[in-house]
Amino acid sequence: MATKKASPAASNDEVSEAEIAVHWQEEGYYQPSPKFIAQANLTDTDMHKRFSLDNFPECFKEYADLLTWYKYWEKTLDTSNAPFWRWFVGGKINASYNCVDRHLEKHRNKTAIHFISELENEPIQHITYQELYVRVNEVAALLRNFCGLKAGDRVTLHMPMVAELPITMLACARIGVIHSQVFSGFSGKACADRIVDSASDVLITMDGYYRGGAMQDQKEKADIACEDAAAQGHKVKKVLIWQRYPGKNSSPRPMVKGRDFIMNEVLKDYRLTRIDPVEMPAEAPLFLMYTSGTTGKPKGCQHSTGGYLAYAAATSKYFQDIHPEDVYWCMADIGWITGHSYIVYGPLALGASTVVYEGVPTYPDAGRPWRIAEELGVNIFHTSPTAIRALRRTGPDEPQKYNYHFKHMTTVGEPIEPEVWRWYHEVVGKREAAIVDTWWQTETGGFLCSTVPALHPMKPGSAGPALPGIHPVIYDEDGNEIPRGAGKAGNICIRNPWPGIFQTIWGDPDRFVRQYYERYNKKKGSTDWRDWPYFAGDGAVQSEDGYYRILGRIDDVINVAGHRLGTKEIESAALTVTEVAEAAVVPVADEIKGRVPDLYVALKPGVQASRELQERISQAVVTEISPIARPRKVWIVPDMPKTRSGKIMRRVLAAISSNQDAGDVSTLANPEIVDELRKMAKM
Ligand code: WT7
């Protein structure tokens, strides 16, 4: 069974995802095909040896050498301010140059981005590297000259899945501006929190976009975001609004004079303007990516330019097996780290063609992804177990109707059930594709565990061994190492730093150290990286063959459809409803989404429970965070199960929600509540 105690912050009373993780049997191996192996980028069996700890950190020069540097670095890894690692110190580089300019000579006329509207009757846009170059330059000119932005400034993006999103990101990178893209599905309020935390003066958005066949009003969220940020004491100076259809407004919202500007209009002034890429220190931050943690406040993970890009490019090349001639489609959203590393930066650094799809995979029907694959000749496909489960349920026989062939497929974001894996392999991959199950996190920049697609057999449900240069260790609660094959789960950590690891939490270095490095730190103040294992916050078990199986979060983070949501975030959203006295969120298993939140609330004295109130609480979660956080159920309860010291026993609530044995409840202050809640849950 997985770990009992969670992160330092959580206590025994809290239930962890790992604790309720499904446990399945060890599976048999599947071999990659000779055809795949014959063309693979990584067939060198010495690679892991070359990246052994004996060769650390110099081994990572091999990754950095995939990039074009203005100036080579003097020191590969500086640990003098551990655990704030500095990679490739002294090096000068520009991410936009590496993803755009340097491909012009060979691939000028090749598609960089295929943009697919959710509306199937709209033609696909094929943006060549030359066009990408022109557009990135124009946007960079606008950001610099119209907005006065310069290296080190932060800009918040709240953009949907359109070609303009990578264009805007690369324009920021071109002038050293740190972008912070917020998932478009997040509410205006969630966007405001991220604007305030990063102190962005400029917000870039789009008027609208299609989702599920309906035009969404994204501009409305910008208005809410600015209003809410102002209420928090931060004024957004400019809102730049891309038009989904240039020349036409897709949102009915009025423009705020002096604040709102239509990108497509302003861009006309910068037609064909060229902006030289700024030579940035390797250590300069490239972007922030906010993610949920154990407290209510989302944290801005700060990623570097040189180290991050080197890691994204190398792992794309060797683990996604991307060659410049491939058509690569990662169906994630660029609003998450997967999209940053494996839709934008990795594939474009390699000069590949990357697909940006606007909408939901099952719109208008479950055959859509396979039609896209056939039409574009996609040969590498990357998605999450949630999407695979949804496609399997709604269209189990759809893939065979279409004439596409994947050589390689990825699954990422949550553990995948072996049964679902097999459908992915047999039906989606037509038994031809090599599959990698990649384990990593927002914080890690790129993959940590995965099989090498041409070298290692696949094992359904297991991520595989660690990547070259990544040296995991599984600790028990007392800091003892759990050896492979012991059949025991523990807390997975990484012994060493690597170039893709995030640099810090924006504005909160103490929390960075506390949350990721304190747990198993061997010596306070040490400047030796060996003393600072990275604490990932996942439960894991390593089998005899060295493959890691990730069991899920050990802190109070719920992984809903591969998106991290903090239980505290959802609870504080519920508490914005004035009638609510207490709120507790627990994860419940869901056939499609993996996990969904169940929300328990106790009302203030004298308040009557009602359906209307339940709906209002549910809506508050959507407004504060996003529809992805919407609770499966809102249970209005007379009281919460509590310890004698007054702590809510989430473990008991989770058991009730999942219809499982609640275990020993005799230590509760109010044990009688358990039966009452059970009866309620059965109704
Ligand atoms: C958490 C990180 C990695 C990009 C998308 C999510 C879980 C991630 C796997 C996998 C089992 C996985 C972990 C991790 N997770 N990949 N292959 N197998 N679990 O990024 O939002 O930062 O979430 O997702 O629990 O800690 P994220």
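**Basis.** I worked from a predicted model, in which local features need pLDDT of at least 70, side-chain atom pairs count only at pLDDT 80 or more, and totals for chains, interfaces and linings use all residues. Residues are numbered from 1 along each chain as its sequence is written, and side-chain values use heavy atoms, with hydrogens and water left out.

**Ligand shell.** I looked up the residues around the ligand and found 17, of which Asp437, Thr438, Thr442, Asp538 and Arg564 come nearest; a residue is near if one of its heavy atoms lies within 4 Å. By class, the shell holds six nonpolar, six polar and five charged residues. Here Ala, Val, Leu, Ile, Met, Phe, Trp, Tyr, Cys and Pro count as nonpolar, Asp, Glu, Lys and Arg as charged, and the others, Gly among them, as polar.

I took a polar contact as a pair of N or O atoms within 3.5 Å. An N or O atom in the side chain of Thr442 is 2.5 Å from an oxygen atom of the ligand. A polar backbone atom of Thr438 lies 2.8 Å from a nitrogen atom of the ligand, and for a backbone N or O atom of Gly413 the distance to a ligand nitrogen is 3.1 Å. I then noted the cover: of the 550 Å² of accessible area that the ligand has on its own, the protein covers 96% (Shrake-Rupley method, 1.4 Å probe). Helix H12 (337-349), strand S20 (434-438) and strand S25 (548-553) each give two or more residues to the shell; helices (H or I, at least four residues) and strands (E, at least two) are DSSP runs, numbered from the N terminus.

**H11 against H12.** I next examined helix H11 (residues 306-319), which packs on H12 at an angle of about 85°, with the axes 8 Å apart; axes are lines fitted to C-alpha atoms over the stretch in contact, and angles run from 0 to 180 degrees between N-to-C directions. H11 is therefore roughly perpendicular to H12, a term for angles of 65 to 115 degrees. The contact (heavy atoms within 4.5 Å) includes Tyr308 and Leu309 of H11 and Tyr342 and Tyr345 of H12. Its residues divide into eight nonpolar, five polar and no charged.

Most residues other than glycine have a negative phi, and most peptide bonds are trans. I recorded a cis bond between Phe56 and Pro57, with omega about 0°; Pro57 sits in the loop between helix H2 (47-50) and helix H3 (61-64). The bond from Tyr363 to Pro364 is also cis, with omega near -5°. Lys430, not a glycine, has a positive phi of about 50°, and its place is the loop between helix H15 (418-428) and S20.

Conventions:
Polar contact = N/O pair within 3.5 Å; in protein donor to acceptor, adjacent residues only side chain to side chain. Parallel < 35°, antiparallel > 145°, perpendicular 65-115°, else oblique.
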